[in-house]
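Me: I've got this one open on my screen. Please talk me through it in plain words.

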Amino acid sequence: MSEKIPYKIYLSENELPTNWYNVRADMKNKPAPLLNPATHEPMKFEDLRAVFCDELIKQELDETTAYIPIPDEIREFYKMYRPAPLVRAYCLEKKLGTPAKIYYKFEGNNTSGSHKLNSAIAQAYYAKKQGLCGVTTETGAGQWGTALSMACSYFDLDCQVYMVKVSYEQKPFRREVMRTYGAQVTPSPSETTEVGRKILAEFPGTGGSLGCAISEAVEAATKQEGYRYVLGSVLNQVLLHQTVIGLETMTAMDKYGIKPDVIIGCAGGGSNLGGLISPFMGRKLRGEADYQFIAVEPASCPSLTRGKYVYDFCDTGHVCPLSKMYTLGSEFMPSPNHAGGLRYHGMSSILSQLYDDKLMEARSVEQTSVFAAAQEFARVEGILPAPESSHAIRVAIDEALKCKETGEEKTILFGLTGTGYFDMYAYKAFNDGTMSDCIPTDDEIAKSLAKTPKI
Ligand SMILES: *Cc1c(COP(=O)(O)O)cnc(C)c1O
């Protein structure tokens, strides 16, 4: 196509996907099932009903239906902030002096500041449809809690958020955004749950962790009539909802005849990356096209690049089903110096299987280089990126610089998952030159991996 590609490729409302795409349907090796932590038997629909909403369990367990319709009520909500723009990073290309063509899909155009709203609204919808009173969840940095509180207020559901205590204290504004949307926010670990009290007794003064907040939120859901637990990443259902990212991207690129060579995303629990790559991976799995996929994770929490592919606990209190995934062990704690999010010890079981089958690569990057990339990007592209998103920016820039050396005109696509306005302490540390890199030793990782369950 000779027509110049615009800076921003917008789709119309009518081009918003009508189905989510379930990549498991095209995977030869399916991700391993969740196991009951007591019996080690695969979890069935009935086993999960006390914790999750019925329709979401069906999505969680469905590995054969390729296209799952997006209910109209959810599409209506999507229309408030989607389709999200696909941006050609002309300014960044020029700054780098690269022959590569760089595109990013920007998911930060909503108050939660990230892609998490795509799944929050779906999960709230199914909870409402089931006639529930409310949902409980955990949040780390606060994006998920914010997204969920927005979704719950839209559907008039009660929203109880267990927020990792260090974040609760360091990010009071996040907390206030959630409360503005009507959520009840509790610092975790707390005295309000049995598992919280147990953790506090064992580790007084702990700043908490995601794994611990998950245990509390699950307990809170199962102990209150009319409540279920919802999770913002890792699960198959979340990755499914996030495929709106990849589907829109694919439609926009197909429209202009653009074929990405490399597709890059940051990986915490794997939902944005899985959502971005799923439709492209589908083409690869069906033998219709080939792409290079790269997951980027922090060097301080390197589950894919240094973890093991085994069954592990999903939470600190061991109340959740066991999941087979690349993991660092459920007791793994990233160094407190680590500022960039993406701190979960495990990884989506779908992405774990794709990685194990060598259909996707992974790289780990150190946080000072991540913030250097964030700054470089912000200065030319105008968006202040979230530290999580900046992991993908780092590798996109690295790939573009490689093209500069080789003269290759590769097309690089990456996911820009959100904005970083609530991460200014981390930016401050970078600007002050006081940020350091923290990489766990082999011994530390081996120690937490030794505590994975024996299956
Ligand atoms: C939560 C979050 C991530 C990481 O979560 P995934 O499930 O791995 O996508 C990345 N970027 C932003 C901005 C986030 O809020």
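Reply: One term to begin with: a polar contact is a pair of N or O atoms within 3.5 Å; within protein, one of them must be able to donate a hydrogen and the other to accept it, and residues adjacent in sequence count only if both atoms are side-chain atoms. With that in hand, a nitrogen atom of the ligand is 2.7 Å from an N or O atom in the side chain of Thr417. Taken alone, the ligand exposes 380 Å², and the protein buries 94% of that (areas by the Shrake-Rupley method with a 1.4 Å probe; for residues, only the protein chains shown count as cover).

Me: Before we go on, what sort of model is this?

Reply: This is a predicted model, where local features need pLDDT of at least 70 and side-chain atom pairs count only at pLDDT 80 or more, while totals for chains, interfaces and linings use all residues. Residues are numbered from 1 along each chain as its sequence is written, and side-chain values use heavy atoms, with hydrogens and water left out.

Me: Back to the ligand. Which residues come nearest?

Reply: Lys116, Ser233, Ser271, Asn272 and Thr417, out of 17 residues around the ligand (a residue is near if one of its heavy atoms lies within 4 Å). Ser271 has a polar side-chain atom 2.7 Å from an oxygen atom of the ligand. Asn272 also has a polar side-chain atom 2.7 Å from an oxygen atom of the ligand.

Me: OK, sheets next. What's the strand order in the four-stranded one?

Reply: S8-S7-S6-S9, as an open sheet with parallel pairing. Strands (E, at least two residues) and helices (H or I, at least four) are DSSP runs numbered from the N terminus, and two strands pair if DSSP finds at least two bridges between them. S8 (184–188) and S9 (227–229) are at the edges with a single partner each, so one side of each has no neighbour in the sheet. On average, neighbouring strands here are turned by 25° against each other, direction ignored (axes are lines fitted to C-alpha atoms, for helices over the stretch in contact, and angles run from 0 to 180 degrees between N-to-C directions).

Me: How many bridges hold S6 and S7 in their pairing?

Reply: Six, in the parallel sense, between S6 (residues 134–139) and S7 (residues 158–164). Thr137 has Val161 as its bridge partner in S7, and for Glu138 that partner is Tyr162.

Me: Is S6 buried or exposed?

Reply: Six of the six residues of S6 are buried, so the rest of the structure largely encloses this strand (buried means under 20% relative accessible area, exposed over 50%, partly exposed in between, with a 1.4 Å probe and protein chains only). In a regular strand, side chains alternate between the two faces of the sheet. Here both faces are covered: Gly134, Thr136 and Glu138 are buried on one side, and Val135, Thr137 and Thr139 on the other.

Me: What does Thr136 touch?

Reply: Thr136, at 0% relative accessible area, is in contact with Gln160, Ala217, Ala220, Ala221, Gln224, Tyr227, Arg228, Tyr229 and Val230, leaving aside neighbours within four places in sequence (contact means heavy atoms within 4.5 Å).

Me: And which helix lies across that sheet?

Reply: Helix H10 (residues 210–223) lies across S6, S7, S8 and S9, at about 170° to S6.

Me: What about the seven-stranded sheet, what's its order?

Reply: S1-S4-S5-S15-S10-S11-S14, open, with mixed pairing. The edges are S1 (8–9) and S14 (361–365), each pairing on one side only. S10 (residues 262–266) and S11 (residues 292–298) pair in the parallel sense over five bridges, with Val296 in S11 as the partner of Cys266. Helix H13 (residues 271–285) lies across S10, S11 and S15, at about 155° to S10.

Me: Is His318, with its positive phi, buried or partly exposed?

Reply: Partly exposed, at 33% relative accessible area; its phi is about 60°. Leu342 has a positive phi of about 55°, but Leu342 is buried at 13%, in the loop between S13 and helix H15 (349–356).
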